[in-house]
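Hello,

Here is the structure I promised to pass on. Please have it open while you read my notes below.

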Amino acid sequence: MVKLTINGKKYDLDVNPQMPLLWAIRDIAKLTGTKFGCGKGLCGACTVHLDGKPTRSCITPVNAALKSKITTIEGLSKHNDHPLQLAWHEHNVPQCGYCQSGQLMTAAGLLSEHQSPTDEQINQAMSGNLCRCGTYPRIKAAIKTAAKHANQIEIKQDLSPVIAER
């Protein structure tokens, strides 16, 4: 029995600690938003966050995640209202949709490190996530929109106490 914390919830899972984390998340914890792609960590469809860092769950054994906070696409936001999810919708990014959870988790990792990423930073961060439908221009546009929205939210939050004092 292993204990994992996924999306803030504790799970006791009867799995082999060497099992790929992807299968523990999908098949045992029943969080099916994370997808199986290549099984070799090359396509990014299985991307989740371990302690906020994008990680390929298909090549990460369960025992590597025992002390980490795991976030899946289901945990990115409570009401699908993360700035990236809103921007994805605004730009009509998904086509077949298969790679999108991995794309979103990688993009969320990018925005957590760079609030206003450059084209080069976006290209570099997203280069390991493959999209068979070729939605790359829409993904890039959505990331830029999400960065703007996220920055506006932060600015409003930063200004609130100042406005309240006036």
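Is Phe36 buried, partly exposed or exposed? Phe36 has a relative accessible area of 32%, so it counts as partly exposed; buried means under 20%, exposed over 50% and partly exposed in between, with a 1.4 Å probe and protein chains only.

Before the rest, a word on the basis. This is a predicted model, in which local features need pLDDT of at least 70 and side-chain atom pairs count only at pLDDT 80 or more, while totals for chains, interfaces and linings use all residues. Residues are numbered from 1 along each chain as its sequence is written, and side-chain values use heavy atoms, with hydrogens and water left out.

The ring centres of Trp23 and Phe36 are 5.2 Å apart and the planes stand at 35 degrees, so the pair is tilted. (Rings of Phe, Tyr and Trp, the last by its six-membered ring, pair if their centres lie within 6.5 Å; planes under 30 degrees apart are stacked, over 60 edge-to-face and the rest tilted.) Trp23 sits in helix 1 and Phe36 in the loop between helix 1 and strand 3, 13 residues apart. Trp23 is partly exposed too, at 28%. Helices (H or I, at least four residues) and strands (E, at least two) are DSSP runs, numbered from the N terminus.

Helix 1 spans residues 21-28, and its buried residues are Leu21, Leu22, Ala24 and Ile25. Among what covers them are strand 1 (2-6), strand 2 (9-13), strand 3 (47-50) and strand 5 (69-71). After helix 1 comes Lys30, with a positive phi near 65 degrees.

The largest nonpolar core has 19 residues, and Leu84, Trp88 and Ile143 touch the most other members. (Such a core is a set of buried Ala, Val, Leu, Ile, Met, Phe, Trp, Tyr and Cys residues joined through side-chain atoms within 4.5 Å.) At least two residues each come from helix 2 (83-90), helix 3 (100-113), helix 4 (119-126) and helix 5 (136-165). Helix 3 supplies the largest share, six residues. Leaving aside residues up to four places away in sequence, Ile143 touches Leu84, Trp88, Ala107, Leu110, Leu111, Pro117, Ile122 and Met126, where contact means heavy atoms within 4.5 Å.

There are three salt bridges, each a side-chain nitrogen of Lys or Arg within 4 Å of a carboxyl oxygen of Asp or Glu:

- Lys3 pairs with Asp12, the closest N and O atoms being 3.1 Å apart. Lys3 is exposed, at 59% relative accessibility.
- Lys53 meets Glu113 at 3.2 Å, N to O.
- Lys144 and Asp119 have their closest N and O atoms 2.4 Å apart. Lys144 lies in helix 5 and Asp119 in helix 4, so the bridge ties together parts 25 residues apart in sequence.

Finally, the largest pocket has 13 lining residues, of which His82, Ala108, Leu111, Ser112 and Ala150 lie nearest its centre. (On a 1 Å grid over the protein atoms alone, a pocket is an open set of points where a 1.4 Å probe fits, with protein on both sides within 12 Å along at least five of seven lines; lining residues have an atom within 4 Å of a point.) Helix 5 gives the most to this lining, with four residues.

Best wishes
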